[in-house]
Structure formats: C-alpha cells, structure tokens
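Work through the exercises below with the sequence and the structure open. Try each task before reading its solution.

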Amino acid sequence: MKISYCTNCHNRLWQLEQTIEHNLSFTKVGEIELYVLAYNDETIEPYLMEHYSNHIADGRLVVKTHDDIKPYSFGYVKNLSHLLGQGRVLFNLDSDNYIDGVDKALITLQDGEILVTSMSYLKDGRGGRIGVTRNTFNQLNGYLDNQRRPDDDDFVFRAMQMGKRLKHAECTKIPISNSL
C-alpha cells in the first residue's frame, strides 16, 4: 500500500455522507486506501457497509468501529487511525474535508517532508489535511494530545523543529461546515 487517507469520525456521519463519494474516487485497489475510524460511533460502519460494500471488499475502503471509555480527543484518535492505515504515506483527512490537490503530491512525498495545504488557514481546513511518511509519523511519535496548542499545529511545528521541509499542495474545495 502506498497511501492511506486516515479519517476519524465521531458523531459526524452527516459530514462523511457528503465527502465520502468524492474521496473514494481517489482510491486505487492495492495502492491507495481510505481508512475510516468510527470512534465511539455505531452509525458509521453500518452505513458504509450498506452503501460502499464493493469498496470495502476490494480494500479501497477500510472501516473500523473503535469503542473506548476514553472521551474523544483529537490527537489520540488521529494516532489510532494513522497506526491502522497500511500506507507508506499517511494523510490525515478529517471527515469534513475533501481530497483535493494533494493526491499527486503524496505520491512523491519523501521522509524529510510534511505536506500541508496552501489556502487561507481560516477556511481551508488545512489542519484536517496533513501528509507525512510513516517514518516521519513514527519519528514524531504521532500527534500529541495536549492543551499547549491545537494538535495539527503542534504536529507541523514539531516536524519543522526536527528539520522536516514543508511541501504545499493547493486545494480549492472548501470543507463541510462543522455546524448543522
């Protein structure tokens, strides 16, 4: 497996329903998977199995429900989805985001690089779209789950402190709103 798009979802099926079709169009059997971790959410896996069973059967879509007594926290759940993805390249894709403009950049992503999107940070969901190689993810020990700064900013900051180079990808598709 070359690329794993790692999505975690907790009580956001309504967002996933809007992004999944688009995002699955970027998957490829044996090479590119979309990994969805349903965290303490019993609605996502049945929905995906009902509507996307062919993608699940051929491995383009992997879905796992993870029940945990620990309350949802961004860093913890992102780490779970990244550890379960099989790709050499791991790309955090929040359930409200689209794969848009990153697919080609991920194919050539190297260990010394971290991929972020280049639109305005206030509207593009850049934090929800970050790519690294598995080696870089392991060197960083994944996402930290602390209150010092938001988990995505912290992840990028620590990568840069380690000397990783930022690689930018232009995205034009705005994420789904976080409010119903």
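**Exercise 1.** Find which residues F137 touches, not counting residues up to four places away in sequence, and classify F137 as buried or exposed.

*Solution.* Step 1: contact means heavy atoms within 4.5 Å. Step 2: leaving out residues up to four places away in sequence, F137 touches N79, H82, L83, L90, V132, G142, Y143 and F155. Step 3: F137 is found in helix α7, where helices are DSSP runs of H or I with at least four residues, strands are runs of E with at least two, and both are numbered from the N terminus. Step 4: the relative accessibility of F137 is 3%, so F137 counts as buried. The cut-offs are under 20% relative accessible area for buried, over 50% for exposed, and partly exposed in between, with a 1.4 Å probe and protein chains only.

The model is predicted: local features need pLDDT of at least 70, side-chain atom pairs count only at pLDDT 80 or more, and totals for chains, interfaces and linings use all residues. Residues are numbered from 1 along each chain as its sequence is written, and side-chain values use heavy atoms, with hydrogens and water left out.

**Exercise 2.** Locate V62 and state which residues it contacts beyond its neighbours within four places in sequence.

*Solution.* Step 1: V62 is in strand β3, residues 61-66. Step 2: beyond those neighbours, V62 is in contact with E33, L34, Y35 and V36. Step 3: V36 is 26 residues from V62 along the chain, and their C-alpha atoms are separated by 6.1 Å. Step 4: V62 has 26% relative accessibility and therefore counts as partly exposed.

**Exercise 3.** Determine which residues touch the most other members of the largest nonpolar core.

*Solution.* Step 1: a nonpolar core is a set of buried Ala, Val, Leu, Ile, Met, Phe, Trp, Tyr and Cys residues joined through side-chain atoms within 4.5 Å. Step 2: the largest one has 28 residues, and Y5, L48, V102 and L106 touch the most other members. Step 3: the elements giving two or more residues to this core are β1 (3-9), α1 (13-24), β2 (32-39), α2 (44-51), β3, β4 (89-93) and α5 (103-107). Step 4: a second, separate core has 12 residues, including V116, L140, Y143 and A159.

*Solution.* Step 1: phi of N11 is near 60°, and N11 lies in the loop between β1 and α1. Step 2: N141 has a positive phi of about 60° although it is not a glycine. Step 3: N141 is found in the loop between α7 (134-139) and α8 (151-161). Step 4: N141 is exposed, with a relative accessible area of 64%.
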